[in-house]
Amino acid sequence: MSFILVVDDNFDNRNIIGQMLSFSGFKVELAADAHTAIKLARQHRPGLILMDLSMPGLDGWTATEYIKRDPELGQIPVVAVSGHVTRNDIERAHQAGCVEFLSKPIEYEHLISIARRYIQ
């Protein structure tokens, strides 16, 4: 089974999302920043990346653009996860290459529905 890479600089958010996914049977890896996420994606090829957008250093928009331009990583679906839910934020996430947008606070059923869409 492929795994889901959860990227969020907030310890609590990262772990809560990871626990919700694990509880539903998904294998999960966690990354606290975008640089670590890209490194893990290169090493282990996740089936899905849940990317926080607002992170210090390399933000999720830029990290997603990087992933989508990389020929080895570009096929991995990236779902934006953010509390920034303005129309501009959502459009920017899609322009960066995110396939979906998951707003915080996260609803368990919505998270699992999205995960099942991409991970068999």
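Buried means under 20% relative accessible area, exposed means over 50%, and partly exposed lies in between (1.4 Å probe, protein chains only). This is a predicted model, where local features need pLDDT of at least 70, side-chain atom pairs count only at pLDDT 80 or more, and totals for chains, interfaces and linings use all residues. Residues are numbered from 1 along each chain as its sequence is written, and side-chain values use heavy atoms, with hydrogens and water left out.

**Stop one.** Select Asp8. At 1% relative accessibility, Asp8 is buried. The term means a side-chain nitrogen of Lys or Arg within 4 Å of a carboxyl oxygen of Asp or Glu. Asp8 sits in the loop between β1 (3-7) and α1 (11-23), and Lys104 in the loop between β5 (100-103) and α5 (108-118), so the bridge ties together parts 96 residues apart in sequence. Helices (H or I, at least four residues) and strands (E, at least two) are DSSP runs, numbered from the N terminus.

**Stop two.** Keep Lys104, which is partly exposed at 24%. Asp52 is buried, at 4%. Show the three together: salt bridges link Asp8, Asp52 and Lys104 in a network.

**Stop three.** Select Arg42 and Asp70. Their side chains meet in a salt bridge (2.3 Å, N to O). Arg42 is in helix α2 (residues 34-44), and Asp70 is in the loop between α3 (60-69) and β4 (78-82), 28 residues apart. Which is buried, and which partly exposed? Arg42 is partly exposed at 36%. Asp70 is buried at 9%.

The whole structure holds six salt bridges.
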